[in-house]
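Here are my notes on this one, point by point. Have a look at the chains first, then read on.

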Amino acid sequence: MNAPTPALVAPRPERLRLVGQRRQVLTMMHQRLMFGMLVYGGVIALIVLRILYLAAFGDHAGAKRGLTSLVPERGDIVDRDGVPLARTIDAWTIGLHPKKVIGDKLTLARKLAQLMPEHDEAAYFAMLRSDKTFYYLRRRAAPGLVEAVNAIGEPGLALEREPDRLYPQTSLAAHVIGFTTIDGHGVAGVERAFDKELSDAASRGRPLQLSIDARVQQALEHELLFAMTKFSAIGGAGVVMNIHTGEVLAMTSLPQLNPNTAGEGSPEARFNRATLGVYELGSTFKPFTVAMAMDSGIIKSFGQMYSCPRELHVYGHTIHDTHPYGRMCSVAEIMKESSNIGTAQIADQLGATRQKAFLQKMGFLNRVNIELKERGRTLTPGANWGPLETMTVGFGHGIAVTPLHLATGYATLFNGGVYRPATLLKVDRAHAAGKGTRVFSEQTSYKMRSLLRLVVTQGTGKMADAPGYRVGGKTGTAEKLVGGRYTSAAVVTSFAGVFPMDEPRYVMVMMLDDPKATKETYGFHTAAWNIGPAFGTTVSRIAPMLGVRPDKNREPDMSMVLPFVHEEARH
Amino acid sequence: MSARSFRSVFMVASCAGAALGCYLVSLNVASERASLEDVENRIVLAQRDIRSLQTEIGTRGRLAQLERWNVKVLALSAPSADQFLEGGFQLARLARPQEKLNVEAPVVLASAPAPQPTSPSLVEGEPTVESGAGATSTAAQLMRQASLKLPEHDEVSPVPAPHRVAEPAKVPDMKQKAVRAAELKPAPLKGQKPAEAKPAATAKKAGDKKVEAASNPVTKPVRMAKVDPLAPLPVKANLKKTTKDSGTAR
C-alpha cells in the first residue's frame with residue numbers, strides 16, 4: 001500500500017517516457033491489426049466476388065463442351081440433289097496396350113486369333129509380349145466384333161471411336177469421288193482434288209456439292225457394266241455431260257472399285273479410264289474433221305462429192321473401209337457409213353496446220369480440263385504431224401485422248417460451237433460455268449445436227465437409237481496397238497452421241513475396251529454391235545430423268561442431208 | 001430510440017437480403033441456362049443420331065442395291081416414248097368407258113323392217129304363221145321372224161316335197177329355228193340377208209333360165225315349198241324331242 005498514487009507522486013521522467021512509448025506501441029499495433037484485417041477482408045471479398053461472378057456467368061460442372069455444333073471431321077460430298085456420296089462417321093477401333101494386360105497372354109492370343117483371323121496366335125502372342133506400348137488390332141471394326149472383344153474383359157484391349165470415311169453408295173461414282181487414306185487424307189478423285197476444302201475447319205461444315213446426278217450415274221454404270229460383262233470386255237468408260245454448262249452428270253470407269261475398301265481393289269480397278277486413260281477413239285473423230293472442213297470453207301454442202309474407191313493408197317500406206325463404196329460418194333454418205341477413205345481426203349484438204357489449231361482450241365492436245373488430279377496426257381503425232389498423220393488423225397487414229405476429251409469435244413460441236421471446260425462442281429450461283437471460247441461457228445454446229453442424226457437413223461449407229469429421244473451420234477471402232485502393231489483382234493469401241501438432236505442438251509460417251517464378238521453380234525465386235533445398243537438403252541433410261549421428253553414426231557431438219565444419200569433400189 | 005439503436009442491424013439485414021435476392025436470381029438464371037444447354041445438347045445428339053440413321057438407311061438402300069432388286073424381282077424398265085402423254089386430254093382418252101353391247105332394243109328394231117316387205121311373198125307358203133308373227137310384234141318374236149329367213153334360204157333342196165306335209169310341221173319347226181338363230185347371234189345381219197339375197201338368187205336363176213325368169217319373177221313360192229319339206233322328215237321323228245336337243249344336234 002505504499003505505492004504512490006499518481007496524483008500524489010510527481011511522475012518521474014523515465015516513467016513518463018515509458019507511458020509515451022506504450023502509447024506509440026499501441027497505435028502501431030492498431031495500425032498493423034487494421035492493415036491485416038483489411039488484407040484479410042480484401043482477400044475474402046475477392047473470393048466472394050469471384051464466387052458470385054462464377055455463379056452468375058461461369059460454367060457449371062455438368063456442362064459439355066464441343067457438342068453444340070455438328071461439324072464433321074471431314075466435309076461431306078453430296079451429289080447435285082443432295083444425296084450423300086461420302087460421309088464421315090464414328091467407327092470403332094480396337095487397340096492393344098501390351099503393358100496393361102493382366103490376364104493370361106497365351107489364352108488371350110488364342111481368343112484374339114479366333115476373333116480376328118488376319119494374324120495367327122503366334123503373332124498375337126508376340127505382340128502381347130513385346131515392349132511396344134500400343135498396337136492397332138483393327139480399325140473400322142464391325143460392331144459385332146467390338147462387342148465380342150469387349151466381352152473378353154481385358155483392360156489391355158482398348159476400344160475407341162475415331163472418325164472414319166464412309167461411301168454409302170459403295171462403288172457408285174467411285175472414280176469421281178476417289179478415296180482417302182485411313183488417316184483421312186484424300187488420295188484420289190474429288191477427295192484428293194478438294195482435300196483442303198474438305199478438311200479445313202472453316203469450310204468442312206458445308207457439304208461439297210458435285211455436278212454428278214446419282215441416278216444418272218447408276219443407270220450409266222449399270223448399263224455399261226452389263227455390256228462389258230456381255231461382251232467380255234476388259235474395261236469400259238462412260239461420261240454424261242450437260243453440253244451448255246460443261247457439268248459432268250455422270251462419269252464412270254470399269255472395272256468397278258469400292259472406295260470403302262480401296263486398298264483391296266486391283267490397280268486396274270483403281271485406274272480412271274475416263275480421265276486418265278487415253279485411247280485412239282477412231283471414227284468418233286470424223287464429225288470433228290467434217291466440222292473443221294465446213295468451218296474452213298472446204299465443205300460447202302453435205303452433197304459435196306469425193307471419190308471413194310475400195311482402197312486408197314497414199315504416202316506409201318493403204319487406207320481401207322469397212323463398208324467400201326467403190327464409187328463417188330457425198331459427205332453425207334461418208335458419214336453415214338463411216339468411210340475412212342472419204343474422211344482422209346477431207347482431212348488432207350484441211351491440212352495439218354488448221355487441224356492442229358482446231359484440236360488445240362478444243363483442248364485435245366493438252367490434259368483434259370477438269371478439277372481432278374488424275375488426268376492423262378494425250379498422245380499425238382507431235383513433231384511428225386505430216387500429211388499422212390493429218391489423214392489418220394482425221395478419222396481418229398494416231399491420236400489418243402481420254403473419253404472425257406471426246407465428250408467435251410462433242411459438247412463444243414453441238415452447243416453452238418463454244419468450248420467450255422468440264423466441271424465436277426454443280427453450276428449455280430456459288431460456282432459459275434467455265435469461261436467459253438468459240439471454236440466452230442454457230443452455222444456449222446447447227447448443220448452437224450442432221451449429219452449425226454443421219455448416222456443413227458440410217459447409218460452405222462442404228463442400234464444406238466432410243467425411239468422418241470432423237471439421238472444423234474457416231475460409232476467408233478479403233479484397233480488396239482498390241483506389241484507395236486495394230487491388230488483387228490483387239491479393238492476399242494466407242495459411241496459418242498448427243499440427245500435430243502433437234503435441240504441438243506446432253507452428250508454421252510460410252511466406251512468398251514477390247515469387247516469380244518458373240519453369237520448375237522454375228523461375229524462382229526464393232527461399236528455398232530456392242531456399245532451401240534447399250535447406248536440406246538442408257539439414253540432411254542436417263543433422258544426422262546434429265547427432263548428430255550420423248551416425242552416421235554420431232555426430228556432435226558434432215559433436208560440438208562437426206563437428198564445426198566444414195567438410196568439403193570429395193571426389189 | 002430503439003429504432004435508432006437497431007438501425008445498423010436493419011441495414012445489415014436488408015443488405016444481406018438484397019445480396020441473397022441477387023444471388024438467388026443469378027442462381028435461377030444459371031440453372032435456366034444450364035437446362036437450355038442441356039436441351040441444345042440433346043438436340044445435337046438427336047441430330048447426330050438422325051444423321052447416322054440416315055447414313056445407315058442410305059447405305060442399305062443404295063442405288064446399286066435397288067438396281068439389284070429390280071433386276072432380280074421387279075424387272076421394271078424405262079418407259080417407252082409412247083407411254084408419255086401430252087396432257088390431261090390424252091390421259092382422259094385412256095380412261096374412256098368401254099362400249100357395252102345393248103342387246104335389247106337397237107338390234108331388234110334394226111331387223112324389224114327388213115322382213116316385212118318380204119312377208120307378202122310368204123303369204124302363199126304359210127300365210128297363217130307369218131301374219132300371226134307380224135301382228136304380235138314383241139321384240140323377241142321379231143327376232144325370231146328375222147332369223148327365220150336364213151335357214152329357209154340355206155336349206156333349199158332339189159327334192160320336191162308335198163305341201164301338206166310341210167304345213168303341220170310348221171309350228172315346232174319355227175321354235176327350233178328360233179333357238180338356232182339365237183345361237184348364231186347377229187340377228188340383224190341375217191335378218192336382212194334374206195330380203196336382199198333372194199332377189200340376187202333369183203337373178204342368178206334368171207341367168208340360167210332366161211326367158212322364164214324374165215316373164216315370171218316370183219319363183220319363191222316354189223322354193224318355200226322346197227324348204228319346208230326338208231324339215232318334216234326329222235321333225236316327224238323328233239317331234240317329241242326338246243327344242244334344245246335339236247338345236248345342239250345341228
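This is a predicted model: local features need pLDDT of at least 70, side-chain atom pairs count only at pLDDT 80 or more; totals for chains, interfaces and linings use all residues.

Which pattern does chain B follow, read along the sequence? Chain B runs α-α-α-α-α-α-α-α-α-α-α-α-α-α.

1. Ground rules. Residues are numbered from 1 along each chain as its sequence is written, while chains are lettered from A and ligands numbered from 1 in the order in which they are written.

2. Chain B. The tally here is 14 helices and zero strands; helices (H or I, at least four residues) and strands (E, at least two) are DSSP runs, numbered from the N terminus. Of its 250 residues, 15% count as buried, where buried means 20 or more other C-beta atoms within 10 Å of the residue's own, exposed 12 or fewer, and partly exposed in between, with C-beta atoms placed from the backbone. For contacts in chain B with a separation of 6 or more, 85% are between residues 24 or more positions apart; a contact has the two C-beta atoms, placed from the backbone, within 7 Å.

3. Chain A. This chain has 17 helices and 16 strands. Buried residues make up 44% of its 571 residues. Residues 24 or more positions apart account for 71% of the chain A contacts with a separation of 6 or more.

4. Where the chains touch. Chain B puts 24 residues into the contact and chain A puts in 31. On the chain B side, helix H2 (7-60) and helix H3 (63-74) each supply at least two residues, and H2(B) gives the most, with 15. By class, that side has 11 nonpolar, eight polar and five charged residues; Ala, Val, Leu, Ile, Met, Phe, Trp, Tyr, Cys and Pro count as nonpolar, Asp, Glu, Lys and Arg as charged, and the others, Gly among them, as polar.

5. Cis bonds. The A:Leu254 to A:Pro255 peptide bond is cis, with omega near 0°, and A:Pro255 sits in the loop between strand E7 (248-254) and helix H9 (267-270) of chain A. Another cis bond joins A:Phe499 and A:Pro500, with omega about -15°; A:Pro500 is in the loop between strand E15 (485-499) and strand E16 (506-513) of chain A.

6. Most residues other than glycine have a negative phi. A:Tyr315 has phi near 45° and counts as exposed because it has 11 C-beta neighbours inside 10 Å. A:Asp514 has phi near 55° and is partly exposed, with 18 other C-beta atoms within 10 Å.
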